Amino acid sequence: MMLAWRFWSGNSAMFARYSGVFRSVVALIMLLLFLPYGLSDYRVACTIYREMGDVNLGALLSLHGSASSHCDTDIIPRGVVHAEAMAWAVRDINSRNDILPGVTLGFDIRDDCRNEDISLWMSLLMLENISPDAFKDSCPGTTVSSTNLTDTLHDDLSHTIIGIIGTSRSATSIPVAQITALFQVPLMSFWASSNELSDKARFPYFLRTVPPDQHQIIAIVDMLQYFQWEYIAVIHSVDSYGLHGARELLVLTEQRGICVAFTSAVNQYPTEKELSEVVAKLVRYKYAHVVVMFSALQVANAVLGQVAKMEPGLKRTWIGGDDWGFDLTEHGFTDIAQGSLFTRFYSQTVPNFEAHLAGLDPATDTVSSWFTDYRNARRSELGCGENTTECPGVFPDNPSNDFVVSPVIDGVYAFAHALDSLLKQCPGGLNNCTDVNTITGHGLMPHLRNVNFAGTGGLLYFDENADPPGKYIMKNYKRLEDGSYASVEIGVWNSLNAGKRLQLQVDEIRWQDGSTEAPRSTCIPDCVEGFILVPSEDKCCWTCQECSNNEIVINRTVELTTKACLACDIASWPSHNRSVCEDIIPTTLSFQDPVVITILLFTLIGLILTGLTVAGFMVYRDRALIKAASRELSSIILVGVIVAIVGVVLLLLPPTRWTCLVSEAAISLSFTLTYAPTLLKVNRIYRIFRASKKSVRRPKWVSPRNLLFVAGVLILVQIIVIAISSSVRPVKALSTVPAVPTNYLELYCAFGYEFLVPCTYNLALIVACCFYAFKTRQVPDNYNESKFIAVSVYSTLVVCLAALPVYFTAVAVLQKVATLCSALLLNVYLTLVCLYLPKLYAVRFLPKEQTNQTLNVIRGGTISSKVDGSGGSGSVVGQIRPL
C-alpha cells in the first residue's frame, strides 16, 4: 500500500486539480487493491472510539505499536490517556457557553498502530464520504465505543470531519498530511516534530501543537555544551523523524565544535546483525560516553535491549528525544539507562482532566474499549479485584506530565477557537450559520493559523510554518530514594528566552550509578604534567605525548590542543609542574664522598709528614749531612710542599672566583717552589763532579747565596707568568656542561689554556731536573742524593703528563679535582720520601761517624773521590765544602 501511496504523494499536485469525485474514485481503488495486504489484525486496527456532534474532529492515536507487523504489541498507556484527554476536551468545550455556543463538537478516534500503512488507511476511512457499500468488508466485526451509534461502522458514514488530531509520529504524519491536503482537511499533530513537516509547500494543511525538531535539536546541543560534552555518538531511526533530526543535529554540532564519533542508522525493524554492529561501535568508540539517540520508540528499545544482551556493563549517558524513554523500567533498562537525559514537550498539569481520569469507571462512564482493556489488564497485574474501587498504579500520579497530555488538549481547543472564529464571521451573525456541514477545511485553515489563546501548556500560537514556539521540559531518568526509577524534571528549555534558553537544576541530576558528577565525553584526555596533546588516528581524538625531561609545556594559544614542548637551556631545568624553566643550583664536592674523604686523609698524612720533616731539619740543621743537602734550597722545597698541600685543600672547597685564583696559583707555584731548588741542587752536583775531572777548584755559582739568588729568579719568573696569565684570562667558577641534558650541574674551577702556561714552565723545570739527574746517575754512591732526585722527578714527570690530559677531558668534577689533587699529593709524597726521608733517617738512626764517613768529609772541607776517566771508578780529587 505504501508503494502506491508514494506514487500518489509524488503526484499529489496534479491530482489536487481534479474534482472530489476523482479523489473518491482513486481512494476507493487504493483501499480495494492494497488494504487486504496491509492489515494483519483487523480486530485491533478497526476499533473505534466515537461520539458524533454537529461538527466532528477525527483523531489518529497510537493505541498499539508494531514490533514486527501491524498492531502486534500490548496497549500503549500513553495512547489510552490521549484518547480520554481528547474526549474530555471535546466534552469540556461542549459544556461551555463562551466558545461554540449552540454547536456540538464530536470526535472519531482511531488507532494508527504507529504504522504508516494503517495510518494512511484510517485517514482514508475518516475522510472519504463514499457509499457505505464500498467499506462493508473493510472492517468486519468492527468494535465501536459510542453513545449515539449502533455497533457497526457502516450505519453512518455521512458525518463530517473538519479536522484530524494526530498522528503521534512524524513517519505516520507525513503520508496522512499529504492525503488530508488532497481533501483540504487540516491535520494537527500533537507529537510529530520532524522538520520536514514545516514545509508548507508540501504540507499546506498540517499544523502541530509541539515545536519542530529544529528547536529540540538546539535544546539537545545546548545541553551538550552546558556539560562540555565534546565527543558524542549519534543513533537515529530510518524515518523522517530520525533522518531529518540527525541531519540537523550533525549540522549544529559541527557549528558548535562538538565532534560526532560515529552515526548509526537503524531501521524500524532492525535485525540482530544491525543491532550488533551498533553495539560494537559503542564499544569501539569508548570515549564517546554520551550517545544521542534520535529515534522512534521501538528502535530505541531495540538498541537498549541489544546493549543489555551484549554489553550489560556498558556505561553510557543516553540523550533521548521526545519519542522514547517512557517505558524504560517496564523493559528492564534501569541499569543501562540510569542517568540519561530526555527532552519532553512542555506540558503543564491539567488538574480537571486528572481528576476526571482518576474517577473514570467503565461501568458508569463512557470510555473507550482501550481504556477498559488496559484498566482490567493493569488491575490483574496489580492483583486488584474487579469490584475494587481504588487500585493505585493504573496510571501514574501525574499523567498530564508523564504522558504529555497538554498538546492533545490544546489541539482540540485550537480547532474549537478556529471554528468559533469562523462561525462568528457568518453573514448575519452566528444564528444564520445553521448548516455547519458547509464548513470546509479550506475556510477553517486561515482561522487555525491565526489562533492565539492561553492553552494548558501556555500561550499557543503558530508561526509562518504553522509551528508553535519551542519549549521543552528536560528530564533525568534516575533512581529515587525508595529504590524505584523514574524520569524527573530537572529543567526547562525555552526558545523565547534568548539570553538563557536552557535552565537546569544540576543538583537534582543523578548520573550513572547515582553519581552527582557529570560524566566526561571527550576524546581529548587530561594529560598529566609534562605531556602534550598530539592528534591520534581516530577522528577528533588526541593522545598524550611526553615531553623530554629537559622540556617544559607552553601554551601557544589559549586552546588546550596547542600546547608544545620547549627545551630549557643547559643551565636550567623544568619546574615540578613543567610550566617554567628554573635555574639549576650547581652542586659542589661533598666532604662525605669516599673519594674526597680519601684525598683529605692523604692530605692530612702529608701535612703530618711535612711537619715532621720541618721539625727534623730544624733539630738536625747543624749535622753535616743536612748541611751538605743545602739547607736553604731544602727549605724552599718544603715551602713548595706546604703550598701543594694548601692547593689540595683549596681544590676541595666550594669554588668561587677567589678560591679558584688562589688554587690555580698554588698549584703552579708549588711545583716551581719544589723543582726550581731541586734543579739547582742536581745541577750543582753535576757541575762539581764535572769540574773535578779538570781541576780541583770549586765551580762558580755553587755557594748558598748564589743558589738562593738563582732560585729566587726562577720563582719570580713563575710568579710573573701566573700574574700575566691570570690577568689576561682569569680563571672562573663555572658549571659543567653535560653531554646529555640532566637536572644536575657541578661547579668547578674552570682552568683553561692560561693554566697551561705556568704548567709549561714547571714542565721545563722538571725536564731539566730529569736531564741533570740522568747526567749524575753514575756519581759515587756517597753522593746518592742525585739518584733520589732522579726517582722523584721521573715520577713527577709521568704524573704530570698523565694528569693534565685527564683533567681537561674528564666530565665529572670529582674526576677533575681528584686528578689534580692526586698529582699534587704524589708530588708531596715523592718529594718527602725521596729527598728528605733518607737524610732524616741517616741523621737520626745511623751513627755520626758513619754519616761523616759517608760524606768523606776531610779537613778543610775537601772530599776525595775516585773516578776514572771513562766515567767509572777512578782517582779524582775534588774539593767540596759543606753548604
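Biologist: Which residues lie nearest the centre of the largest cavity, and how many residues line the largest cavity?

Modeller: The largest cavity is lined by 16 residues, and Leu651, Tyr748, Cys749, Val813 and Val817 lie nearest its centre. Keep in mind that this is a predicted model, where local features need pLDDT of at least 70, side-chain atom pairs count only at pLDDT 80 or more, and totals for chains, interfaces and linings use all residues. Residues are numbered from 1 along each chain as its sequence is written, and side-chain values use heavy atoms, with hydrogens and water left out.

Biologist: Why is this called a cavity, and what is a pocket?

Modeller: On a 1 Å grid over the protein atoms alone, a 1.4 Å probe fits at a cavity's points but cannot get out, whereas a pocket is an open set with protein on both sides within 12 Å along at least five of seven lines; lining residues have an atom within 4 Å of a point. The structure holds 4 cavities of 30 Å³ or more, and the largest has a volume of about 110 Å³.

Biologist: What makes up the lining of the largest cavity by class?

Modeller: Its lining has 14 nonpolar, 1 polar and 1 charged residues. Ala, Val, Leu, Ile, Met, Phe, Trp, Tyr, Cys and Pro count as nonpolar, Asp, Glu, Lys and Arg as charged, and the others, Gly among them, as polar.

Biologist: And what is the volume of the largest pocket?

Modeller: About 1,600 Å³, a volume being the space filled by probe spheres set on grid points joined across faces, edges and corners. Of its 44 lining residues, Pro77, Phe326, Asp327, Leu328 and Glu330 are the closest to its centre. The lining divides into 20 nonpolar, 13 polar and 11 charged residues.
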